[in-house]
Amino acid sequence: MQKKLYDNKQLNKLIVVNKPLFRSSNSYLNEIKRKYRNKKAGFSGTLDPFACGCLIVAFGQYSKLFNYLKKTPKTYRAVIWLGATSQSLDIENIIDIKDEQKVDKTLLEKEIKNLIGIHEYFPPKFSAKKIDGKRAYDLARNGEEVNMKKSSMEIFDTKFISYKHPFITFESTVSEGSYIRSLAQILLEKLNRVGTLSYLNRLNEGKFCFENEKDLNPLDFLDLKENKYFGDKSYFDNGKKILVEYFQYKDDGKYLVKFEDFFSIIEIENKEVKYLLNKVLCGS
């Protein structure tokens with residue numbers, strides 16, 4: 001008799017896993033699903049296969065909360081390999097390795113600090129960005145023309161870690177949607193050197209960091225103002241239309257409404273109230 005891999009019982013669970021090197025985020029998610037014996041799960045913030053680190057995983061109803069979680073800023077530890085050239089700007093598609101001149105350490109520390117600010121850049125062609133509905137990396141791998149649109153990223157903080165030629169290690173705290181591979185190229189251009197990322201570890205996404213997959217309370221991470229409801233709870237139980245007069249805050253916006261056994265997310269717009277997520281159960 002074949003062993004049953006998944007349970008039918010709904011599991012509401014929010015955790016941070018530590019994605020290993022050279023695994024796709026989707027592949028590792030499948031492993032996590034089998035570990036917790038539940039098929040209904042998703043993740044936020046795709047990590048490239050060559051990268052490792054913090055990956056937010058949510059099961060059951062909690063997988064609907066990703067758009068409302070505090071996931072920024074994000075901090076990464078990166079290693080640049082001087083002299084290496086890669087089509088994908090990382091270690092996966094190395095096409096050439098040459099000796100590269102050493103960098104003055106004082107200059108290096110200065111230029112890493114100077115990365116703080118807003119940068120306009122072209123995202124890597126080997127990325128999950130969509131072009132006419134297709135992933136850029138799929139087009140690039142098929143040898144098709146890839147025209148990336150200019151984007152911007154904000155660097156909130158940087159930290160020099162070490163320099164052992166030909167490897168430069170640094171950390172950066174960045175905005176949503178930033179590409180550290182592109183940030184590394186911006187730094188290399190300032191240093192007048194050639195190189196590529198050889199290692200990338202996401203240390204945190206906002207307040208999320210890896211702590212042995214401990215259970216997290218989503219209410220501690222929701223990026224929403226709590227609104228008090230003074231009406232009949234059964235209206236939420238049954239998804240009935242609610243009047244704005246029954247809320248503490250009546251201004252337009254998205255709000256968290258908490259009850260003892262569940263919570264809901266609503267939006268107030270032009271004095272109308274609508275459910276965005278209703279009756280998300282507390283716990284599994």
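## Overall fold

Contacts (heavy atoms within 4.5 Å) between residues 24 or more positions apart make up 66% of the protein's contacts with a separation of 6 or more. The model is predicted: local features need pLDDT of at least 70 and side-chain atom pairs count only at pLDDT 80 or more, while totals for chains, interfaces and linings use all residues. Residues are numbered from 1 along each chain as its sequence is written, and side-chain values use heavy atoms, leaving out hydrogens and water.

The protein has five helices and 16 strands; these are DSSP runs (helices H or I, at least four residues; strands E, at least two), numbered from the N terminus. Of its 284 residues, 46% count as buried, that is, under 20% relative accessible area with a 1.4 Å probe, protein chains only.

## Helix H4

Helix H4 covers residues 180-191, and its end C-alpha atoms lie 16 Å apart.

Nine of the twelve residues of H4 are buried, among them Ile180, Arg181 and Leu191. The buried residues pack against helix H2 (105-113) and several strands, including S4 (74-82), S7 (117-121) and S12. After H4 comes Asn192, which has a positive phi, near 60°.

## Ser198 in strand S12

Strand S12 (residues 195-205) contains Ser198. Ser198 has 16% relative accessibility and therefore counts as buried. Beyond its neighbours within four places in sequence, Ser198 contacts Val79, Trp81, Ile91 and Phe167.

Definitions and conventions:
Buried < 20%, exposed > 50% of the residue type's maximum accessible area, 1.4 Å probe, protein only. Expected span 1.5 Å × (residues − 1).
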